[in-house]
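Visitor: Could you walk me through this chain? I'd like to begin with the overall picture and then look at some details.

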Amino acid sequence: MQYKKIQGLEKIKQWGLPYPPYEIVESSQVTPPKIKEIISKIGIPLVEGDRIGIVIRTSGAGRAGGRSDLHLTDVKEIINWALRLRDKNEPHVKLIIQHVVDARCSGVMLKGSDKISVEVVHGDAPSLLEGKTPNIERWKYRGQWEKENEIREKILNEKELDSLLDYSNRVPDYSYLEWSLSKKGNLYFYEFMKWWKQKENNFKRKVTRGFKKQIIKGLGASPGVSSGTVKVALNSDEINKVGTGDVLVIKYADRHVMHIIYKVSALICDVGGRTSHASIIAREYGVPCVISENATKRLKDGMKVVVDGSEGSIFVL
């Protein structure tokens, strides 16, 4: 049984990275007295500017998923969320009950073999991870920090970037880390996973030579090249029309994408970044992914396209 989130937390502890306190419980053991016991052990933080409240996350193989709202401070509400997640998932799934950072900003760090990429947003992480905001500040490091884009209000300063760099030296290449910086300036990490640079296939050369009509240029979020029939899904009900080998086009990735990602040939999203859930899920399943503004409006059901997730390009067949 794989418990990726739990294994990631264990690695974070092993490398000496700062993390919010947490406890783990199997779904089958979740009862009101058990949750009260855990709460009494880790407490409900009310540290203004550092940690406020609790979040409950799930960890398990297959389709385990879901989390509570952030910053839960009421005991009854925490218990109700734990019971809800218990009933929603299989008995083997485990729950992570963890402090939540009172975040000034939150982000993701990707460490490759020769480059570090950072994406960050104001406040809590979900808007970044779920690809719901275009206001993402992007940095890369190759010997020095370089800003990749401009947003209205700068988020990270040089000292904060160097702090991330220092911690990156403790983790191996091809590491993915989620983190939040509290309003008091304390950095916390709460998710780690390995990610792998996928190999390009020969199809890319054939496609780019044979089909020069590029209809969209966007951000390459998961490498590889694939083709298929476009299916635009503007809500969770429309996802049901997606068949094996189709190219799924969505506004952003939510929990429903997890259930069909294994059968699509490529993924295209309106908003997000290299560290949004859509990109992470796509890389994990080896599915090419492109982030491109207004893709759901520019692409239509039934179009035959080739998606180049490395270059961020889409071609008409």
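**Overview and a sheet**

Guide: Gladly; this is a predicted model, and of the 317 residues of the chain, 53% count as buried.

Visitor: How many helices and strands does the chain have?

Guide: There are eight helices and 18 strands in the chain, and among contacts between residues at least 6 apart in sequence, 60% join residues at least 24 apart.

Visitor: Now the open sheet of four strands: what order do they have?

Guide: The order is β1-β4-β3-β2, and the pairing is antiparallel. β1 (22-26) and β2 (46-47) stand at the edges with a single partner strand each, so one side of each has no neighbour in the sheet.

Visitor: How many bridges join β2 to β3?

Guide: Two bridges join β2 to β3 (residues 51-59), and these strands run antiparallel; the bridge partner of L46 in β3 is I52.

Visitor: Which helix packs on the sheet, touching β1, β3 and β4?

Guide: Helix α1 (residues 4-14) does, and its direction makes about 130° with that of β3. Helix α2 (residues 32-42) also lies across β1, β3 and β4, running at about 165° to β1.

Visitor: Changing topic, is K297 buried or exposed?

Guide: K297, which lies in helix α8 (residues 295-298), has a relative accessible area of 60%, so K297 counts as exposed. The C-alpha atoms of K297 and I250 are separated by 9.9 Å, with the two residues 47 apart along the chain.

Notes: Residues are numbered from 1 along each chain as its sequence is written. This is a predicted model: local features need pLDDT of at least 70, side-chain atom pairs count only at pLDDT 80 or more; totals for chains, interfaces and linings use all residues. Side-chain values use heavy atoms; hydrogens and water are left out. Buried means under 20% relative accessible area, exposed over 50%, partly exposed in between (1.4 Å probe, protein chains only). Contact means heavy atoms within 4.5 Å. Two strands pair if DSSP finds at least two bridges between them. Axes are lines fitted to C-alpha atoms, for helices over the stretch in contact, and angles run from 0 to 180 degrees between N-to-C directions.
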